[in-house]
Amino acid sequence: MNKDKLTLVVSLFALIFISFYIFNNPNSYKDLLRINIFTVLIVVTLKTLTLLLNSIFNHQLLKVFNVNLNFFEALYISSVTFLGNFYLPARSGANFRLLYLNKVHALKSPSITSLFFYFVFVTTLLSSFFGIISLIMINKTNSFLFLASLIFLFLILFCSIYILQKKYKVQTVSKNAFYIWVNRTKKEWNIISSNPKMQFLLIFITMLNYFLFAAELAIIFNFLFERTPFFEIFYFNSLSIFSSLVSITPASIGIKEAIVLISTDILGLNLNSLISILVIERAVSVVFSMIPLTVLISNSLKNKFN
């Protein structure tokens, strides 16, 4: 089964399962019907801040390769990335970003690949770190899942630290096109990892984004349950971010649900509560998507009349 067919199967299975569950458990969407506009506006505002922070991330990181984006251009790249990842499978937003940077700024594939993996490992570093802290504070040591999750997160944390600080040896140039590409990617990665000031700034921006995502969840938790279990929210947030990185389906549908569902015991959630959270989270994301869509339309109109 090729990648496209696998994506389609997983997406359809997830949609059928979720639709069947919601149909047979109307309470899971009744919470969505009673959500107030003020709560939606707060979460959309937080999501807009993450979009702006992602724009700053792109702006700063691309400076390493002498690509100077203006603010609107950086915002455009963040917007098209979000929309592609949210509505299309296989993290298509990253592909759109690659095409744009290659076409407009002549940025080659090795540079873009190194940028993408740097973002991935900075994100996994922070998500695993806060996930470990959250698990320790939740402290369900009698659970096999707890211990297995803790070990797994420690492995991710150490691997991320190792990879982020590693300088790769660029071997002698080969005539093989693949080895040439690999060597160029290593060289571009070394440029990023040799700039500690840039690394610190990008880790700081990613950490702010992590806290904003957690704040969104805290608002949803408070709306549904009138309580904000701090460390459970942070652990849920880490799981959500991991699911977005490994996603092959639009908006990680099915992938995110499966990852979070496995951890319901640690999170102290039942299936109905979990579905309610995910339904509201995705519904608000659809509302928010109108903002990056507006950025795309504005950019198209700007290019049309210039």
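In the predicted model, helix α6 (residues 109-138) and helix α9 (residues 196-225) approach with their axes within 10 Å, crossing at roughly 55 degrees. The axes are lines fitted to C-alpha atoms, for helices over the stretch in contact, with angles from 0 to 180 degrees between N-to-C directions. The crossing of α6 and α9 is right-handed, that is, the near helix is turned clockwise from the far one by less than a right angle. On the α6 side, Y118, V122, T123, L126, S127, F130 and G131 meet Q199, L202, I203, T206, M207, Y210 and F211 of α9, where contact denotes heavy atoms within 4.5 Å. This contact comprises nine nonpolar, five polar and no charged residues; Ala, Val, Leu, Ile, Met, Phe, Trp, Tyr, Cys and Pro are classed as nonpolar, Asp, Glu, Lys and Arg as charged, and the others, Gly among them, as polar.

The chain contains 14 helices and zero strands, assigned as DSSP runs (H or I, at least four residues, for helices; E, at least two, for strands) and numbered from the N terminus. Of its 306 residues, 49% are buried, meaning under 20% relative accessible area, with exposed set at over 50% and partly exposed in between (1.4 Å probe, protein chains only). Among contacts with a separation of 6 or more, 74% involve residues 24 or more positions apart.

Within α9 lies L217, which counts as buried because its relative accessibility is 2%. Not counting residues up to four places away in sequence, L217 touches I233, F236, N237, I277 and E281. The C-alpha atoms of L217 and I277 are separated by 8.4 Å, although the two residues are 60 apart along the chain.

Positive phi values in residues other than glycine occur at N66, near 60 degrees, and at A106, near 55 degrees. N66 is located in the loop between α3 (37-63) and α4 (71-87) and is exposed, with 70% relative accessibility. A106 occupies the loop between α5 (92-105) and α6 and is partly exposed at 48%.

Residues are numbered from 1 along each chain as its sequence is written, and side-chain values use heavy atoms, leaving out hydrogens and water. Local features of this predicted model need pLDDT of at least 70 and side-chain atom pairs count only at pLDDT 80 or more, whereas totals for chains, interfaces and linings use all residues.
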